[in-house]
Amino acid sequence: MDDRESRLVGIFGGTFDPVHYGHLRIAEEIAEMTGLSEMRFIPAGIPRLRSNPVAVPHHRVAMVRLAIQGNPVFMLDEREVRQHEVSRSVKTLRELKQELGERAILCFVTGADAFMQLPHWHSWRELFTLCHFIVAARPGHPLASHRDTLPQKLKEECVPRWVSNGDSLKHASSGLIFIAPTTLLDISATLVRARIAAGKSIRYLVPDAVLDYIAVNHLYSKNDDTS
Ligand code: ATP
Ligand code: MG
């Protein structure tokens with residue numbers, strides 16, 4: 001394809017319950033190493049493959065807004081939380097493709113754990129016709145060094161798609177997979193929630209603005225007010 005005017009748009013879906021430095025740092029590194037023109041954080045409304053998030057959508061959205069403030073490449077896309085139905089990445093990507101036009105090359109960003117689950121996603125093979133995947137390694141999920149650990153169906157689908165250089169992504173409109181060599185950060189929202197519930201510090205695991213928001217709204221503590 002003619003890639004002269006194309007631009008790469010990162011799509012970062014997740015529950016962000018809450019958003020933490022693991023998310024923010026991989027988003028920053030991926031945007032830098034692949035030259036994304038924007039990274040869209042898209043908090044899930046009702047996730048299809050897991051139990052409901054602990055914090056209600058408006059709190060999760062507010063925390064992402066605070067966390068990405070001041071980063072000109074990061075933006076918040078609230079479409080999934082505005083829909084009162086189960087979130088499906090395939091639907092979101094179809095919509096974005098329509099809205100952003102042919103010149104936008106969509107790159108779905110996931111951690112290794114989420115990528116391993118891909119065959120459980122709705123219409124998962126269609127996703128390769130809509131976007132590339134950029135996968136960040138995650139401690140405890142050894143995808144980067146052992147692609148053999150992928151489930152068989154996924155491994156077969158991935159074989160012709162691996163690229164070892166982020167620059168390759170702009171030369172095709174969809175269907176490639178790049179494992180991004182990001183800094184390994186063993187931070188999860190589960191850990192953050194557990195520490196809050198145990199009365200322990202989460203400082204330096206999340207931005208200060210998120211820390212303050214959690215405190216003011218009493219989120220994730222034993223007597224939490226998630227509404
Ligand atoms: P939870 O523990 O509640 O599942 P989480 O920390 O995994 O939360 P999610 O909102 O589930 O956060 O993740 C959104 C996306 O970010 C997923 O693709 C996930 O793999 C990725 N991700 C989250 N934390 C990291 C991290 N520390 N390193 C790499 N990828 C991460
Ligand atoms: Mg997760």
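Author: Start with the elements. Helices are DSSP runs of H or I with at least four residues, and strands are runs of E with at least two. By that rule the chain has nine helices and seven strands. Keep in mind that this is a predicted model.

Reader: Why is the chain said to agree with a compact globule?
Author: The rule is 2.2 Å times the number of residues to the power 0.38. For 227 residues a compact globule would have a radius of gyration near 17 Å, and the chain has 17 Å, so the two agree. The C-alpha atoms fill a box of roughly 55 × 35 × 30 Å along the principal axes.

Reader: What makes the place of ligand 1 a pocket, and which pocket is it?
Author: A pocket is an open set of grid points with protein on both sides within 12 Å along at least five of seven lines. A molecule sits there if more than half of its atoms lie within 2 Å of the grid points. Ligand 1 sits in the largest pocket. Strand S1 (7-14), helix H1 (21-34), strand S4 (104-111), helix H5 (112-116) and helix H8 (189-197) each give two or more residues to the shell around ligand 1.

Reader: Which residues of that shell come nearest?
Author: His20, Asp113, Leu185, Ala189 and Thr190, of the 22 residues around ligand 1. By class, the shell has eight nonpolar, 10 polar and four charged residues.

Reader: What makes the approach of Gly111 to ligand 1 a polar contact?
Author: The cut-off is 3.5 Å between N or O atoms. A polar backbone atom of Gly111 is 2.9 Å from an oxygen atom of ligand 1, and this pair passes. Backbone N or O atoms also lie by nitrogen atoms of ligand 1: 2.8 Å for Leu185 and 2.9 Å for Ile187. The protein buries 92% of the 600 Å² that ligand 1 exposes when taken alone.

Reader: How do you know that the bond between Asp17 and Pro18 is cis?
Author: Omega is about 0° there. Pro18 is in the loop between S1 and H1.

Key: Residues are numbered from 1 along each chain as its sequence is written. Chains are lettered from A and ligands numbered from 1 in the order in which they are written. This is a predicted model: local features need pLDDT of at least 70, side-chain atom pairs count only at pLDDT 80 or more; totals for chains, interfaces and linings use all residues. Side-chain values use heavy atoms; hydrogens and water are left out. A residue is near a molecule or strand if one of its heavy atoms lies within 4 Å of it. A polar contact is a pair of N or O atoms within 3.5 Å; within protein, one must be able to donate a hydrogen and the other to accept it, and residues adjacent in sequence count only if both atoms are side-chain atoms. Accessible areas come from the Shrake-Rupley method with a 1.4 Å probe; for residues, only the protein chains shown count as cover. On a 1 Å grid over the protein atoms alone, a cavity is a set of points where a 1.4 Å probe fits but cannot get out, and a pocket is an open set with protein on both sides within 12 Å along at least five of seven lines; lining residues have an atom within 4 Å of a point. Ala, Val, Leu, Ile, Met, Phe, Trp, Tyr, Cys and Pro count as nonpolar, Asp, Glu, Lys and Arg as charged, and the others, Gly among them, as polar.
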